[in-house]
Structures are given as C-alpha cells and as structure tokens.
Amino acid sequence: FNSEGKGDSNAIVSTIVDREDETYTTETHNQTMNDGNEPSDGLDIRFSHVHLYVDRVCDLSAYKEFEDSLNLFQENYDEMTAGERIDEDEQRGISLDVDVGRQIWQSITEHNMDDNKSVAEEFASHGRDIVKQLIAGFGFRVTGCHVTSHTSTVVVTSKDANGIQIVVSAMKSDDENSDVEEANAAVEDNDYHHFAPSNIARFYHAHSNRQGIAVLAFEVGHQCLEGIFLRYSEHHPELVPKEFKNGPVEYGDEARVFEVFAYYSGERGTSLADEGTMLRFIEPITGAANTCKLPGIAPVDASFSRCHPAFFDHWVSNVISRTGFLDTLKDTLYFTPKVDFNAGVVAAGEAQIESTVTGNTASLNAEDGSSALSDQSQIYLPINNALTEVG
C-alpha cells in the first residue's frame with residue numbers, strides 16, 4: 001500500500017504465518033514511566049492497526065455478500081478438483097486451473113452481472129475497492145465496523161483478529177462532493193473523534209486529494225500514554241493537534257487515545273507540522289474485550305476460507321526529513337536506529353535513497369518461532385528519503 005502526498009508516504013509490510021490455532025492473545029507487560037524523561041524499563045508498545053482514508057467504502061452487506069461468494073467459490077472449486085487434490089503444503093507455487101475457476105465464479109455471480117459487460121474483459125489494477133482486494137487477494141474478512149451520519153468505517157483482518165488490522169474509512173456518498181469547509185463544519189452524531197469527517201478532509205487536502213494510509217496506530221501499556229503526551233508536548237508541541245492539546249481522550253470503558261502529526265513539513269524545529277499522516281496511540285482500559293482496540297468499533301461475524309493468520313512485520317515511511325523523523329521518535333518513544341542499509345544509501349537504477357530502520361527494544365522472549373512471528377511488540381520502522389528526483 002502506498003500513500004502519495006507532498007513528500008511523505010507510508011507502506012505496510014506484513015508477515016503471513018501458518019498456524020493451526022486461529023487466535024492469539026498477547027500478554028500485556030505493564031510498565032510504569034518515571035519522570036517522563038527516561039524509560040524505567042522501556043516503553044510497552046506494539047503494532048495495533050493502520051487506518052486508510054479512501055474514496056469509497058461499500059455497505060457492510062455488500063462486503064459480506066462478496067465474502068460468501070468467495071467462500072462458496074472455494075468450496076465448489078475444491079469439489080470439482082478433488083481428484084487432483086494434493087497436500088496444502090505441496091500446493092504452494094502450483095498454478096490453479098483458471099478455466100475451472102472462471103466457470104465456477106461465473107455461475108456464482110451471474111445474477112449480479114450486467115448483460116452488456118463481458119466477464120473476460122481486461123483486468124484493470126487501478127480504481128478498485130481496497131477492501132474487496134484484501135478480501136479476495138489475501139482471504140481477509142471484515143470483522144468490525146462503525147457508521148456515522150457522514151462516514152463509513154470497516155476493519156479488515158486475517159483469521160487471527162489479533163494480527164493485522166486494517167481500518168478503512170470514507171465519506172458517505174452523499175458527502176463525497178462536500179468541500180473541506182463543509183466537512184469541518186459537520187456536526188458529528190457520535191463522540192469518537194477518529195471517525196470525524198474533518199479528519200478525512202484534512203488528509204485529502206494534505207495529499208493532493210488522493211486516498212491512502214492516514215494513520216499508523218500503536219497499542220501501549222498501562223500508564224504509558226501520559227508519558228508520550230508529556231514528551232510530545234515538551235519536545236514537539238507543533239505536532240500535537242488542538243484536539244489533543246489537553247491530553248489523551250478517554251472513551252468510557254474502551255480506551256484512552258492520543259494522536260499526533262507524524263512529520264514536520266520540512267526540517268524539525270524550523271517548519272510546521274505536515275497535517276497528512278498521523279500517529280495514534282491507544283491505551284486499552286483493563287478488561288476491554290474487542291480485539292480491535294480502536295474505540296467505537298463493533299465486532300462483525302466473519303467466515304474464513306483458506307486464510308492464513310497474518311501479522312505486521314514493519315511499516316515504511318518515505319519522508320522529506322529522515323533524520324528529523326528519527327530524532328522525533330527518539331525524543332518521544334525512545335526508538336533508536338537498528339539498521340543502516342549500505343551505510344544509509346540504497347540504489348536501484350537511477351533511484352537513490354537513504355534508509356534507516358528505527359524501532360524499540362522489546363521485552364519479547366520467544367520460546368518458539370511461531371510466537372516470535374505473531375508477537376507484535378517488536379517495532380521496526382524503515383524510514384527513507386530520496387537522494388535523486390526519481391527516488
């Protein structure tokens with residue numbers, strides 16, 4: 001996934017893990033902070049979700065119908081190719097029978113086909129629904145949602161809902177043509193700031209009216225959120241939006257949330273905040289049941305077919321000031337550089353970039369490989385800046 005803006009963009013990279021069990025529960029390591037200047041035992045932080053703002057989100061019923069069709073497709077395909085069945089581990093890398101698959105899919109979806117539209121028309125990779133791409137391409141399913149008068153939001157996950165969580169929001173169709181002023185003036189009918197239409201309007205304004213990844217969200221441990229707020233307020237007050245100047249927002253028995261702008265528009269200390277990408281920190285209230293910790297998300301039942309558990313591995317930021325972002329993360333989250341690729345310079349053809357991987361020092365003590373892959377407390381954030389025009 002890429003978010004193309006004025007100079008900052010993000011990409012998600014995930015690890016897909018094969019395991020028999022369908023759920024994974026991480027044990028929270030509660031840690032306290034001292035005076036807010038130094039960590040007593042590191043910062044308890046882990047990947048939570050990414051939040052995309054897109055041009056359109058369909059009704060939940062449309063996605064569920066699509067999922068049902070895909071589940072039926074898999075069932076019918078397995079029946080028709082039963083005589084050719086081989087062990088699933090051996091099947092990887094082997095081409096499936098496209099003609100059989102097309103025949104099955106046409107029989108399932110023919111009632112939705114336009115008589116004037118050819119099923120075999122040339123595939124176009126652009127202008128497609130990102131939610132349906134995740135459902136069809138990876139076998140992910142919609143497992144959560146939230147709807148307001150102005151916005152629609154769904155949560156897409158693999159069969160392990162504690163792993164990858166992709167939150168996707170869009171203005172409702174009636175509001176798609178609303179300008180920024182109208183969106184900012186819209187009166188919300190709920191108390192969840194992160195679902196406000198003004199957030200989408202602000203992101204589109206900062207990213208040349210292009211959809212993309214708007215928020216990188218982390219879950220933090222008990223009593224960690226206040227320290228993050230204090231450090232941002234002290235060292236980087238320009239990055240704190242007015243909605244959070246007084247501190248994290250608490251949502252009843254769900255969670256406390258604090259958001260900041262991720263980047264400066266230029267060099268740190270000499271420029272204003274880039275109002276595109278946000279960082280979101282969520283401190284769940286003890287005992288909160290939802291796997292998606294974002295307050296307001298209602299769980300949705302989902303049926304998976306041939307979907308492997310998937311987990312975040314690292315998130316990439318392409319920025320204007322690599323060193324500035326590195327310093328900001330060190331000041332506020334205690335992140336430190338882990339890797340410099342080729343002394344910081346990577347070349348691919350005419351493109352040249354500088355790249356540094358930063359992250360935390362997790363307290364993970366994995367007893368086996370599967371737990372190491374599924375645990376998301378080790379944060380890796382590759383941060384790149386271009387050295388050439390084509391980079």
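**Exercise 1. Salt bridges**

Task: How many salt bridges does the chain hold by the count used here?

Solution. The model is predicted. Pair a side-chain nitrogen of Lys or Arg with a carboxyl oxygen of Asp or Glu within 4 Å. The count comes to 11 salt bridges.

**Exercise 2. D375 and R46**

Task: Where in the chain do D375 and R46 lie, and is each one buried or exposed?

Solution. 
- Step 1: the contact. The side chains of D375 and R46 form a salt bridge, at 4.0 Å from N to O.
- Step 2: the location. D375 sits in the loop between α9 (369-374) and β14 (380-386), and R46 sits in strand β2 (residues 45-53). They are 329 residues apart, so the pair links distant parts of the chain.
- Step 3: the burial. The cut-off for buried is under 20% relative accessible area. D375 has 12%, so D375 is buried. R46 has 6%, so R46 is buried.

**Exercise 3. R102 and D99**

Solution. 
- Step 1: the contact. R102 and D99 meet through their side chains in a salt bridge of 3.4 Å, N to O.
- Step 2: the location. Both residues belong to helix α3 (residues 98-109). Three residues separate them, about one turn of the helix.
- Step 3: the accessibility. Exposed means over 50%, and partly exposed lies between that and the buried limit. R102 has 36% and therefore counts as partly exposed. D99 has 54%, so D99 is exposed.

**Exercise 4. D327 and R268**

Task: Which elements does the D327 and R268 pair link?

Solution. 
- Step 1: the contact. A salt bridge joins the side chains of D327 and R268, at 3.6 Å from N to O.
- Step 2: the location. D327 lies in helix α8 (residues 322-333). R268 lies in the loop between β8 (255-261) and β9 (278-284). The pair is 59 residues apart and links distant parts of the chain.
- Step 3: the accessibility. D327 is at 35% and R268 is at 29% relative accessibility. D327 counts as partly exposed, and R268 counts as partly exposed too.
- Step 4: a network. Salt bridges with shared partners join E226, R256 and E283.

**Exercise 5. Helices α7 and α8**

Task: What is the orientation of α7 and α8, and which residues meet?

Solution. 
- Step 1: the geometry. Two packed helices are described by the angle between their axes and the distance between the axes. Helix α7 (residues 225-235) packs on α8 at about 130°, with axes 8 Å apart.
- Step 2: the class. Roughly perpendicular ends at 115 degrees and roughly antiparallel needs over 145. The two helices are therefore oblique to each other.
- Step 3: the residues. From α7 come I228, R231, Y232 and H235. From α8 come T328, D331, T332 and L333.

**Exercise 6. Nonpolar cores**

Solution. 
- Step 1: the members. The largest nonpolar core has 67 residues. V131, V154, F218, Y232, F258, L279 and F281 touch the most other members.
- Step 2: the strand. Strand β6 (residues 212-220) contributes the most, with six residues.
- Step 3: V131. Beyond neighbours within four places in sequence, V131 contacts Y63, V142, V154, V156 and V168.
- Step 4: the second core. A separate core of 11 residues includes Y192, I282, C292 and L294.

Technical notes. Residues numbered from 1 in each chain as written. Predicted model: local features only at pLDDT ≥ 70, side-chain atom pairs only at ≥ 80, totals over all residues. Heavy atoms only, no water. Core = buried A, V, L, I, M, F, W, Y, C linked by side-chain atoms within 4.5 Å. Buried < 20%, exposed > 50% of the residue type's maximum accessible area, 1.4 Å probe, protein only. Helix = DSSP H or I, 4+ residues; strand = E, 2+ residues; numbered from the N terminus. Contact = heavy atoms within 4.5 Å. Axes fitted to C-alpha atoms, helices over the stretch in contact; angles between N-to-C directions. Parallel < 35°, antiparallel > 145°, perpendicular 65-115°, else oblique.
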